[in-house]
Amino acid sequence: MDIDKLKENWGSLNERLAQNEILNKRIIQEMIKNRANSAQSRLFRYDLLGLIVIAIFSILLPVIWIKTLMTFPSFLLLEGAMVLCLGMESWKMSCLLRFNTETKNIYELNRLMLRYRWIVKWNYTYGILIAALVVIGFFLFQGSNLLLDAWRFWVMGAFLLIGAVLGFLQVRFQNKTIAAIEQSLKELEEFRE
């Protein structure tokens with residue numbers, strides 16, 4: 001009789017242990033999903049801020065053009081660059097908006113992050129080239145108007161330096177956050193196997 005009771009207790013303990021193991025796996029999976037979603041939210045908020053800043057600058061640029069000595073070709077060049085920036089930010093945000101750990105499988109999430117990483121790399125690589133061409137074009141179109149006042153030249157240089165530093169910090173932040181998401185996705189994939 002004691003042996004039967006012991007077997008029964010042993011069986012119930014094994015059952016509870018299996019249930020606890022399943023529950024622990026679910027909790028760990030939810031923690032990993034939350035970490036990935038939190039990193040995705042940081043990227044989205046950062047890109048949304050960038051989109052808002054670019055949109056505000058695009059709206060203010062005509063006012064700046066009217067109130068200053070900016071030439072019309074310079075205005076068109078800067079406005080065209082702003083439209084290109086809005087497009088790039090929108091493209092990045094469209095990838096992030098589709099990132100959902102509840103409805104997408106790991107393959108789809110990895111594909112979205114790979115696309116986002118490619119857009120960021122493209123933006124960094126070709127964005128610098130485009131920005132350099134825009135700055136050179138701006139100086140060429142402005143000609144003597146920009147060089148009349150030394151303070152305008154230095155202000156422009158300061159903005160370029162600030163832009164370069166912010167661009168470097170942006171790429172660093174994005175790469176670190178993308179790596180955190182990819183690590184979370186890798187851990188989720190290991191769990192599902």
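**Charged pairs and the helices that hold them**

Mentor: Arg 35 is partly exposed, with a relative accessible area of 39%; buried means under 20%, exposed over 50%, and partly exposed in between, with a 1.4 Å probe and protein chains only. This is a predicted model, in which local features need pLDDT of at least 70 and side-chain atom pairs count only at pLDDT 80 or more, while totals for chains, interfaces and linings use all residues. Residues are numbered from 1 along each chain as its sequence is written, and side-chain values use heavy atoms, without hydrogens or water.

Side chains of opposite charge can pair when their charged atoms come close. The whole structure contains five salt bridges, each a side-chain nitrogen of Lys or Arg within 4 Å of a carboxyl oxygen of Asp or Glu. One of them joins Arg 35 to Glu 187, at 2.3 Å from N to O. Arg 35 belongs to helix H1 (residues 2–67) and Glu 187 to helix H5 (residues 150–192), so this bridge ties together parts 152 residues apart in sequence. Helices here are DSSP runs (H or I, at least four residues), numbered from the N terminus.

A further bridge pairs Asp 47 with Lys 92, at 3.4 Å from N to O. Here helix H1, holding Asp 47, is linked to helix H2 (residues 72–97), holding Lys 92, across 45 residues. Asp 47 is buried at 1% relative accessible area, and Lys 92 is buried at 0%.

Lys 92 also forms a salt bridge with Glu 89, their closest N and O atoms lying 3.2 Å apart. These two residues are three apart in helix H2, and therefore about one helical turn separates them. Glu 89 is buried, as is Lys 92.

The axes of H1 and H2 come within 9 Å and cross at roughly 160 degrees; axes are lines fitted to C-alpha atoms, for helices over the stretch in contact, and angles run from 0 to 180 degrees between N-to-C directions. H1 is therefore roughly antiparallel to H2, a term for angles over 145 degrees. The residues of their contact comprise 19 nonpolar, three polar and four charged; Ala, Val, Leu, Ile, Met, Phe, Trp, Tyr, Cys and Pro count as nonpolar, Asp, Glu, Lys and Arg as charged, and the others, Gly among them, as polar.

Key. Angles under 35 degrees count as roughly parallel, over 145 as roughly antiparallel, 65 to 115 as roughly perpendicular and the rest as oblique.
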